[in-house]
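Work through the exercises below with the sequence and the 3D structure at hand. Try each task before reading its solution.

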Amino acid sequence: VQNCFLADKIGNTAWLIVGRVPNRVGFNGRATVPRDASHYWNGYIETKDMPRIINRPGSALSSGNQRTSPYGKDLYKIGHGWPSPARGYRIKQLLSDPKKWNATHSAAVQLDTLSVAHLWYRDYLMPYLSNDSKDPWIQEIVKLISPWDGRLSVDSGAYLFLKKFRLAVF
């Protein structure tokens, strides 16, 4: 399935999921189960029963492919294993000023590489690292991550370090 965003020239907006999602009976798809009389597909979820937002007041619609289904008993009906909401948060930041919205700004959103999540991990870690440490490993880590601008580039050692740190700690 795909996220679909719609807007018209008079200001109507919508977000919906486009695609077919199986209507699972007896399981939610998070684990493999035997296909039997109590675990099977019963067609597909009806379009009218899929999550959607139409003309939500006060906020731009955006997605970084994060979880879109509301919490509740049907949380895993649509899917599971969503990416972190950090990219969605960043997109929302970039869309926050409607006066800046044009084709150039749209391209900049698509090409944005700032990771607010990894900047958060850097800022979380820094108080635990002493700038006057005699340990050469700590000195190198401080030198690597303290000036980092948060951009995910192919040659960013800071990003690679912070990615490993995040996975090891949280």
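Helices (H or I, at least four residues) and strands (E, at least two) are DSSP runs, numbered from the N terminus. This is a predicted model, in which local features need pLDDT of at least 70 and side-chain atom pairs count only at pLDDT 80 or more, while totals for chains, interfaces and linings use all residues. Residues are numbered from 1 along each chain as its sequence is written, and side-chain values use heavy atoms, with hydrogens and water left out.

**Exercise 1. Two asparagines**

Task: Find the place of Asn55, then state whether Asn55 is buried or exposed, or in between.

Solution. Step 1: Asn55 sits in the loop between E5 and H1.

Step 1: Look at the backbone. Phi of Asn55 is near 50°, which is positive although the residue is not glycine. Asn65 is another non-glycine residue with a positive phi, near 70°.

Step 2: Apply the cut-offs: buried means under 20% relative accessible area, exposed over 50%, and partly exposed in between (1.4 Å probe, protein chains only). Asn55 is partly exposed because its relative accessible area is 37%. Asn65 has 48% relative accessibility, so Asn65 counts as partly exposed.

**Exercise 2. The sheet**

Task: Give the strand order of the open sheet of 3 strands, and explain why E1 and E5 stand at the edges.

Solution. Step 1: Two strands pair if DSSP finds at least two bridges between them. E1 and strand E2 (residues 13-18) are joined by 6 bridges and run antiparallel. E2 and E5 are joined by 3 bridges, again antiparallel.

Step 1: The order is therefore E1-E2-E5, with antiparallel pairing. Strand E1 (2-7) and strand E5 (52-54) each have a single partner strand, so one side of each has no neighbour in the sheet.

Step 2: Check some residue pairs. Gln2 is opposite Val18 in E2, and Asn3 has Ile17 in E2 as its bridge partner. On the E5 side, Trp15 is bridged to Ile53.

Step 3: Look at the turn. The hairpin of E1 and E2 has 5 residues between the strands, and Gly11 in the turn has a positive phi of about 100°.

**Exercise 3. The nonpolar cores**

Task: State how many residues the largest nonpolar core has and which helix gives the most to this core.

Solution. Step 1: A nonpolar core is a set of buried Ala, Val, Leu, Ile, Met, Phe, Trp, Tyr and Cys residues joined through side-chain atoms within 4.5 Å. In soluble globular proteins, nonpolar side chains tend to be buried together.

Step 1: The largest core has 14 residues, and those with the most contacts inside it are Leu125, Met126, Leu129, Ile145 and Trp148. At least two residues each come from helix H3 (116-125), helix H4 (136-145) and helix H5 (157-169). H5 gives the most, with 4 residues.

Step 2: Another core, of 7 residues, lies apart from this one and includes Ile45, Met50, Leu61 and Ile78.

Step 3: Contact means heavy atoms within 4.5 Å. Not counting residues up to four places away in sequence, Ile145 touches several residues, including Arg122, Leu125, Phe161 and Leu162.

**Exercise 4. Ser156 and Gly29**

Task: Decide whether Ser156 is buried or exposed, and name the contacts of Gly29 beyond its neighbours within four places in sequence.

Solution. Step 1: Ser156 lies in the loop between H4 and H5. Its relative accessibility is 7%, so Ser156 counts as buried. With neighbours within four places in sequence left aside, Ser156 is in contact with Trp148 and Arg151.

Step 1: Gly29 belongs to the loop between strand E3 (22-25) and strand E4 (40-44). At a relative accessible area of 27%, Gly29 is partly exposed. Leaving aside neighbours within four places in sequence, Gly29 is in contact with Arg24 and His80. Gly29 and Ile78 are 49 residues apart in sequence, and their C-alpha atoms are 9.3 Å apart in space.
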